[in-house]
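Subject: Structure handover

Hello,

Please find the structure below. My notes on it follow.

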Number of protein chains: 6
Amino acid sequence: MNQKSALIVSAHSADFVWRAGGAAALYAERGWRVHILCLSFGERGESAKLWKQADMSLETVKRIRRDESEQAAAILGASISFLDCGDYPLRVGDEALFKIVDAYRQLRPEFVLTHSFKDPYNFDHPLANHLALEARIIAQAHGHNPAEPVIGAPPVFLFEPHQPEQCEWKPETFLDISPVWEKKYRAFQIMGAQEHLWEYYTRAGLQRGAQASRNSSKNIKYAEAFQCVYPRVADDLL
Amino acid sequence: MNQKSALIVSAHSADFVWRAGGAAALYAERGWRVHILCLSFGERGESAKLWKQADMSLETVKRIRRDESEQAAAILGASISFLDCGDYPLRVGDEALFKIVDAYRQLRPEFVLTHSFKDPYNFDHPLANHLALEARIIAQAHGHNPAEPVIGAPPVFLFEPHQPEQCEWKPETFLDISPVWEKKYRAFQIMGAQEHLWEYYTRAGLQRGAQASRNSSKNIKYAEAFQCVYPRVADDLL
Amino acid sequence: MNQKSALIVSAHSADFVWRAGGAAALYAERGWRVHILCLSFGERGESAKLWKQADMSLETVKRIRRDESEQAAAILGASISFLDCGDYPLRVGDEALFKIVDAYRQLRPEFVLTHSFKDPYNFDHPLANHLALEARIIAQAHGHNPAEPVIGAPPVFLFEPHQPEQCEWKPETFLDISPVWEKKYRAFQIMGAQEHLWEYYTRAGLQRGAQASRNSSKNIKYAEAFQCVYPRVADDLL
Amino acid sequence: MNQKSALIVSAHSADFVWRAGGAAALYAERGWRVHILCLSFGERGESAKLWKQADMSLETVKRIRRDESEQAAAILGASISFLDCGDYPLRVGDEALFKIVDAYRQLRPEFVLTHSFKDPYNFDHPLANHLALEARIIAQAHGHNPAEPVIGAPPVFLFEPHQPEQCEWKPETFLDISPVWEKKYRAFQIMGAQEHLWEYYTRAGLQRGAQASRNSSKNIKYAEAFQCVYPRVADDLL
Amino acid sequence: MNQKSALIVSAHSADFVWRAGGAAALYAERGWRVHILCLSFGERGESAKLWKQADMSLETVKRIRRDESEQAAAILGASISFLDCGDYPLRVGDEALFKIVDAYRQLRPEFVLTHSFKDPYNFDHPLANHLALEARIIAQAHGHNPAEPVIGAPPVFLFEPHQPEQCEWKPETFLDISPVWEKKYRAFQIMGAQEHLWEYYTRAGLQRGAQASRNSSKNIKYAEAFQCVYPRVADDLL
Amino acid sequence: MNQKSALIVSAHSADFVWRAGGAAALYAERGWRVHILCLSFGERGESAKLWKQADMSLETVKRIRRDESEQAAAILGASISFLDCGDYPLRVGDEALFKIVDAYRQLRPEFVLTHSFKDPYNFDHPLANHLALEARIIAQAHGHNPAEPVIGAPPVFLFEPHQPEQCEWKPETFLDISPVWEKKYRAFQIMGAQEHLWEYYTRAGLQRGAQASRNSSKNIKYAEAFQCVYPRVADDLL
């Protein structure tokens with residue numbers, strides 16, 4: 001079958017919801033296979049609400065976060081897997097790196113979404129960026145597992161960090177996610193440990209929508225914004 | 001009629017040939033109206049060969065340059081007009097600026113091509129960039145000639161300067177111009193005063209083609225590269 | 001009297017409302033004289049709604065915009081004056097520049113607020129920035145109107161542009177404007193020609209508030225963000 | 001007791017003297033606890049004079065450097081501890097990283113001082129920067145040693161590297177250290193292995209003082225300069 | 001005669017002393033013709049001490065500044081001329097620009113020294129930079145005064161601004177000026193209106209000397225630092 | 001003996017050919033010892049053609065690549081050694097780092113050539129850059145192998161990456177390699193696995209030659225371009 005696919009490399013198990021949930025749902029609705037690879041459950045750094053409960057353990061936090069992420073991915077129409085590499089700090093050795101390479105080779109994605117190059121508030125995010133790019137390069141090398149076919153050159157887009165200007169991240173592509181906004185917001189609601197972010201990222205979606213409208217003369221309510229790592233190659237400038 | 005159009009704002013009368021001749025020819029072949037607006041004939045700075053002839057006058061140089069540019073535009077399938085604002089230095093007052101605004105309002109281009117933001121070798125180029133962007137903004141204002149319909153928000157792409165790295169210009173979109181390369185090279189050959197550039201820009205086209213191939217898994221022989229001024233708004237990331 | 005003062009240099013007559021209305025109201029409540037200097041009424045570029053009315057004239061638009069701005073300034077507790085230098089394009093000669101210098105010399109502001117260095121969507125904004133900085137430098141020169149006392153070195157803060165990342169503008173100081181938010185929003189409501197911006201800048205205030213909270217462990221609902229032009233000189237790092 | 005505290009993360013055992021000795025002494029005089037955490041003794045890279053002595057051993061160099069650093073810290077009124085992670089190259093594993101996290105949790109500093117993001121002359125410096133920031137982030141995570149209270153969001157300031165422009169470091173805050181200059185200079189004089197730096201950093205203090213004066217209309221003789229990592233959150237712009 | 005020459009384009013009549021006095025003296029000692037072109041006398045912005053005298057007039061300030069500059073140039077072994085274009089603000093029309101072009105064509109300099117690209121403390125400096133570069137480009141054009149021979153491509157070096165990091169200026173070449181330091185300091189002493197700068201620029205010379213030593217293993221006491229506008233073309237990398 | 005030497009740190013065994021073959025041959029012809037240190041054979045990422053052969057093994061690829069590199073180095077007149085640290089990904093521990101330090105101490109190079117700071121297409125390249133710079137710093141430290149003499153401060157130049165603008169690499173020095181071009185092209189022809197690069201880097205040499213000509217008024221056919229890591233210290237600005 002010729003189902004097209006996309007790969008989302010997410011540092012923690014909720015990043016993909018806030019930052020790329022619209023793109024995931026949009027392409028899933030178009031019949032693509034959208035796969036989310038979570039390097040960590042975010043069990044230390046993004047689960048404050050859980051840790052405030054009595055008798056909480058690392059395993060319990062990880063299990064709850066996994067459950068939430070799987071539910072959110074299901075709402076978006078995406079598949080999901082976890083590398084469980086820890087967070088705060090995330091630490092990824094070559095063995096885990098090669099699993100990301102395997103994901104590239106198996107999915108053969110048309111495009112990849114991941115974190116920004118810099119984030120002074122969260123060092124796991126630029127590390128995820130580095131791993132996603134490094135794995136892509138290795139997956140292109142004929143000498144890595146030579147029996148497997150290499151991949152081409154899928155474009156990589158960097159989704160929006162929490163404080164964009166501090167991360168030197170710049171919106172270069174706006175994607176209209178209005179048709180799937182409801183799904184994205186339902187996925188938000190699954191992430192019970194981070195309720196304070198629901199409205200933050202709703203407003204972010206509306207601001208990007210207004211900006212997308214201004215850059216296009218279209219009328220766009222909700223948008224997601226992405227920075228491009230590599231130049232676009234196209235038959236059409238538009 | 002619903003013919004689409006594109007606008008090229010060129011500082012000197014040959015810039016559009018080297019830097020955007022492929023894009024012009026490609027869209028012209030697709031049935032678009034491609035219009036080139038030359039701010040200057042390049043009569044002082046880009047006509048060294050002519051000035052080495054005996055008894056040369058400014059008017060003669062301008063006439064020859066105009067003739068060449070009209071021929072080159074015809075080969076590319078584009079229309080062309082001239083503002084004759086001088087070069088080395090180019091000096092453009094508000095009257096000429098409003099003529100560029102008029103061009104925006106009359107053409108209503110789907111996209112605009114112009115020079116890079118910086119060029120330490122040629123100050124007319126960043127000035128052309130500034131004028132092209134400023135005119136676009138004025139053409140969007142309801143209060144400028146209120147009887148006329150305003151324009152939307154056409155994307156602006158910056159074509160390749162002569163020494164890209166020195167101009168802090170970066171390729172962000174590659175356009176495959178292989179199908180129209182022969183036309184572009186024929187347009188080169190019209191520019192008799194700048195023969196030394198024919199091979200320079202042939203090699204540039206081949207290098208950009210090789211880079212476009214590497215960024216896409218396609219096999220592209222000749223490409224033109226462009227930097228994007230504004231974010232892209234799209235239904236598709238690719 | 002020793003009333004302290006602040007100066008806001010606004011390109012168009014509504015910019016100060018969206019971008020610095022909170023700072024204006026906050027310092028006015030503290031007993032400062034806050035003066036807004038509008039270089040233009042924004043009569044061409046920011047008055048689309050007015051121009052859609054029948055029989056509108058430039059003078060009527062300017063009058064309406066002046067009225068609105070005076071009302072908004074009054075709500076914020078600030079004084080306001082206008083240089084009427086036109087917009088789209090704003091054009092400011094040395095005579096008008098020296099009026100800005102006069103404002104510096106008369107007000108002797110403790111700080112200055114103005115536009116970002118760059119804005120590819122609005123060239124009047126970086127021009128206002130340039131004029132505000134150039135006038136400040138001239139006001140420091142002993143040889144300019146030597147009979148007048150020169151000013152010191154008031155810090156300059158750049159308020160938030162409409163699309164921050166595209167303007168290479170970065171938040172470096174967050175000011176908690178929650179106590180005066182209601183005034184700022186009432187000033188929004190005066191600007192009838194730009195109703196679409198009310199919610200946009202409400203959300204901007206909330207996003208900056210959330211970011212200010214995260215950068216301080218305080219609980220801040222609404223904030224304005226500013227970039228700093230000059231280094232801060234202080235007795236305390238905090 | 002409610003003694004406020006500050007943390008200085010210094011790559012080598014003398015960096016804090018040249019780069020932050022004034023800030024340390026100033027806050028110590030104000031009654032703060034100022035703690036210096038040295039990642040290395042600088043026993044290889046900053047002890048040329050010692051290594052020129054006969055029969056010198058690594059342990060002796062480290063002991064002498066420790067003694068000097070303790071004396072210098074005492075003059076400045078600060079406490080000091082050492083992680084002894086080696087230098088040229090400094091190598092810090094997660095165990096040592098968690099000790100820095102512990103320092104954050106125990107001190108609960110109001111602000112942190114450390115090295116610049118880049119330094120092409122000394123790779124231990126940007127590594128110290130990275131560790132200081134990464135430890136701060138981990139100390140904020142509820143899931144790291146969940147029994148301990150997390151810290152807030154202390155601002156981080158980057159002190160001046162040896163060749164500022166080559167390190168892409170920019171002064172954003174000037175601190176007047178004239179009142180404690182004599183202490184800083186006495187601390188210089190302890191560092192016998194680096195006598196050539198006494199005058200270099202005296203001149204640096206005077207240049208920064210002159211610049212601080214020019215940016216403030218104050219009369220400041222000696223200053224230290226700092227770059228800011230995070231935006232400032234304040235009730236006052238000044 | 002084959003005397004080589006160098007051109008210094010100085011915004012105000014003392015800039016060349018502080019920023020390029022060493023280079024001027026060094027090349028003059030080597031038998032070069034070093035010519036200083038002052039766009040302004042600095043009569044408004046750099047003559048505070050004079051304006052504090054009773055009954056001072058603009059003409060008197062200009063005369064005194066001209067006298068001082070001529071004396072300083074003589075000490076350095078350089079010739080000097082003035083365009084008298086005003087300062088604070090400096091305003092240079094095309095007529096004056098063409099005089100700078102004439103200087104290029106007459107001197108045919110081996111290299112050019114001028115101000116930095118940016119300076120938020122002094123807008124005359126980046127304007128001088130722009131004019132020096134624009135005049136160089138025009139002087140290269142065959143169509144500008146076609147009867148005159150065009151110039152080649154002399155390298156342009158940007159001398160040190162007062163607050164280097166704030167001007168985004170970076171030292172890329174250090175020139176050992178120790179052999180002529182005494183002359184440079186004597187030229188300082190001529191500039192009576194700016195006595196506060198004597199020690200500032202002495203320390204700057206020592207700091208750059210120390211940095212030059214560290215980047216070369218040489219022992220250099222005083223240096224001047226320059227940023228390069230264009231790439232170097234050489235037979236030798238060193 | 002007083003033979004001068006230069007060091008080239010090459011990530012993969014062919015990088016030095018494309019990027020620094022001209023500089024190597026030029027200095028070898030001048031009687032210098034030019035030594036190439038290859039961190040990897042490029043056996044995975046740059047040997048696609050070999051891996052398409054039946055029954056290929058990693059050892060065979062490495063042997064062939066070593067042979068080719070030795071032949072290419074011999075043509076250029078350089079010596080070569082290999083650290084065999086793997087590629088895609090290159091992984092270099094401190095033991096290998098200290099071998100690079102040893103190379104610095106033994107060769108005592110006048111200058112060093114290596115890769116760019118960034119390369120989003122090849123992460124081994126910036127790692128090689130980092131190692132080359134870090135080893136240089138360690139080689140300068142008196143406390144590293146104290147019995148050995150330390151090195152001075154050799155300048156480091158970054159040779160041209162495959163897609164220069166994407167790597168934020170900028171040509172700052174052009175070296176005329178026309179006299180040794182034939183040797184460089186013969187070295188190209190040894191690299192049988194990368195035939196598609198022969199013409200690419202021939203065109204690159206011609207483009208850089210044309211640019212070198214334009215920046216110098218010389219007539220240069222082939223050039224190599226380099227970015228400078230450290231400031232130049234010189235007796236002459238040219």
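How far apart do the closest C-alpha atoms of chain C and chain F lie? They lie 18 Å apart, and no contact joins the two chains, contact meaning heavy atoms within 4.5 Å. Chain B and chain D do not touch either, and their nearest C-alpha atoms are 18 Å apart.

Some ground rules before the rest. Residues are numbered from 1 along each chain as its sequence is written, while chains are lettered from A and ligands numbered from 1 in the order in which they are written. This is a predicted model, in which local features need pLDDT of at least 70, side-chain atom pairs count only at pLDDT 80 or more, and totals for chains, interfaces and linings use all residues; side-chain values use heavy atoms, with hydrogens and water left out.

Confidence

The model scores ipTM 0.96 and pTM 0.97. Chain A has a mean pLDDT of 96, and 100% of its residues reach 70 or more; pLDDT is the predictor's confidence in each residue, from 0 to 100.

Chain A against chain B

This contact takes 34 residues from chain A and 34 residues from chain B. The size of an interface is often given as the accessible area lost when the parts come together. Chain A and chain B bury about 2,900 Å² between them, with 58% of it on carbon and sulfur atoms; buried area is the accessible area (1.4 Å probe) that two parts lose on being put together, summed over both. On the chain A side, A:Arg232, A:Val233 and A:Leu237 lose the most area to chain B, together 27% of what that side buries.

The interface of chain A and chain B holds 0 salt bridges, a salt bridge being a side-chain nitrogen of Lys or Arg within 4 Å of a carboxyl oxygen of Asp or Glu. There are 14 residue pairs in polar contact across it (both at pLDDT 80 or more). A polar contact is a pair of N or O atoms within 3.5 Å; within protein, one must be able to donate a hydrogen and the other to accept it, and residues adjacent in sequence count only if both atoms are side-chain atoms.

Which elements of chain A give two or more residues to the side that touches chain B? They are helix 1 (15–29), strand 4 (111–114), strand 6 (173–176), helix 7 (196–214) and strand 8 (232–234) of chain A. Helices (H or I, at least four residues) and strands (E, at least two) are DSSP runs, numbered from the N terminus. Strand 6 of chain A provides the largest share of that side, 4 residues. By class, the side of chain A that touches chain B has 20 nonpolar, 5 polar and 9 charged residues. Here Ala, Val, Leu, Ile, Met, Phe, Trp, Tyr, Cys and Pro count as nonpolar, Asp, Glu, Lys and Arg as charged, and the others, Gly among them, as polar.

Strand 8 of chain A also pairs with strand 6 (residues 173–176) of chain B, in the parallel sense and over 3 bridges; two strands pair if DSSP finds at least two bridges between them. A:Ala234 has B:Leu175 as its bridge partner in strand 6 of chain B.

Chain C against chain D

Here 34 residues from chain C and 34 residues from chain D make the contact. About 2,900 Å² is buried between chain C and chain D, 57% of it on carbon and sulfur atoms. C:Arg232, C:Val233 and C:Leu237 supply 27% of the area that chain C buries against chain D, more than any other three residues. Between chain C and chain D there are 0 salt bridges and 14 residue pairs in polar contact (both at pLDDT 80 or more). Strand 8 of chain C runs parallel to strand 6 (residues 173–176) of chain D, joined by 3 bridges. C:Arg232 has D:Thr173 as its bridge partner in that strand of chain D.

Salt bridges and local geometry

Over all chains the count is 90 salt bridges. One of them joins the side chains of A:Lys118 and A:Glu168 (3.4 Å, N to O). A:Lys118 lies in the loop between strand 4 and helix 5 (124–139) of chain A and A:Glu168 in the loop between strand 5 (156–158) and strand 6 of chain A, so the pair ties together parts that are 50 residues apart in sequence.

Most residues other than glycine have a negative phi, and most peptide bonds are trans. A cis peptide bond joins B:Tyr88 and B:Pro89, with omega about 5°; B:Pro89 sits in the loop between strand 3 (79–82) and helix 4 (94–107) of chain B. F:Tyr88 and F:Pro89 are likewise joined by a cis peptide bond, with omega about 5°. D:Tyr88, which is not glycine, has a positive phi near 50°, and D:Tyr88 is in the loop between strand 3 (79–82) and helix 4 (94–107) of chain D.

Regards
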